[in-house]
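The following report describes selected features of a predicted model.

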Amino acid sequence: MSRIAVFADVQNIYYTTRQAFGRQFNYRALWEQLCNQGEVVSAMAYATHRGDDGQTKFQDALKHIGFTVKLKPYIQRSDGSSKGDWDVGIAVDVMTLAPQVDTVVLLSGDGDFDVLLERINVDPGVRTEVYGVASLTARSLIDSASEYHPIGDDLLL
């Protein structure tokens, strides 16, 4: 049975599905699809923490599905900019877990992850799959994945 590790860039998926479809991503439907392909041995969801009740309920729902939720504080700077980026954390976890699984699944459209997937793909025993909104996923990320899955109705609420 294939061993699968899932890494969800929650903010990226939230904003891209909202922008493209006006809908939310269905993490439960994804989980069911992945469980039909193998055993999900690790699932991490990376989000920012704002102390919002709605976010807390969403994070609890992710935990109930089987995700480990990693939170980083949302920082609003005095100049109006904000910070809450998980790119380095995701990359470290992917590099750590990739040697232990057959498939790395990344939920993100962020092109910054293309180099990461290219590095993982050096090991012929590990596949990389990306789920993202087609119109908002970087071409370089799509090209660097072993397989790309555009998010459609089957993965939306």
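## Helix H1

Within H1, the buried residues are Val-10, Asn-12, Ile-13, Thr-16 and Thr-17. Viewed along the axis of H1, these buried residues lie within an arc of 160°, so they line one face of the helix. In general, an α-helix has 3.6 residues a turn, so residues three or four places apart point the same way. The cover over the buried residues of H1 is provided by elements including strand E1 (3-9), strand E2 (39-49), strand E6 (103-107) and strand E7 (127-132), together with helix H2 (27-37) and helix H3 (53-65).

H1 itself comprises 12 residues, 10-21. From first to last C-alpha, H1 reaches 16 Å, close to the 16 Å expected at 1.5 Å a residue. Gly-22 follows the helix and has a positive phi, near 65°.

## The open sheet

Six strands form an open sheet with parallel pairing, in the order E3-E2-E1-E6-E7-E8. Its edge strands are E3 (68-73) and E8, each of which pairs on one side only. On average, neighbouring strands of the sheet are turned by 15° against each other, direction ignored.

The pairing of E2 with E3 is parallel and extends over 6 bridges. Tyr-46 has Lys-70, in E3, as its bridge partner. Helix H3 packs on the sheet, where H3 touches both E2 and E3. The direction of H3 makes about 170° with that of E2.

Is His-149 buried or exposed? Its relative accessibility is 16%, and buried means under 20%, so His-149 counts as buried.

Apart from neighbours within four places in sequence, the contacts of His-149 are with Glu-129, Val-130, Tyr-131 and Gly-132.

Gln-24 belongs to the loop between H1 and H2. With a relative accessibility of 45%, Gln-24 counts as partly exposed. Which residues does Gln-24 contact, leaving aside its neighbours within four places in sequence? They are Tyr-14, Thr-17, Leu-155, Leu-156 and Leu-157. Of these, Thr-17 is also among the buried residues of H1.

Gln-24 and Ala-43 are separated by 19 residues in sequence, and their C-alpha atoms are 19 Å apart in space.

Terms used:
Residues numbered from 1 in each chain as written. Predicted model: local features only at pLDDT ≥ 70, side-chain atom pairs only at ≥ 80, totals over all residues. Heavy atoms only, no water. Helix = DSSP H or I, 4+ residues; strand = E, 2+ residues; numbered from the N terminus. Expected span 1.5 Å × (residues − 1). Buried < 20%, exposed > 50% of the residue type's maximum accessible area, 1.4 Å probe, protein only. Arc of directions from axis to C-beta. Contact = heavy atoms within 4.5 Å. Pairing = 2+ DSSP bridges. Axes fitted to C-alpha atoms, helices over the stretch in contact; angles between N-to-C directions.
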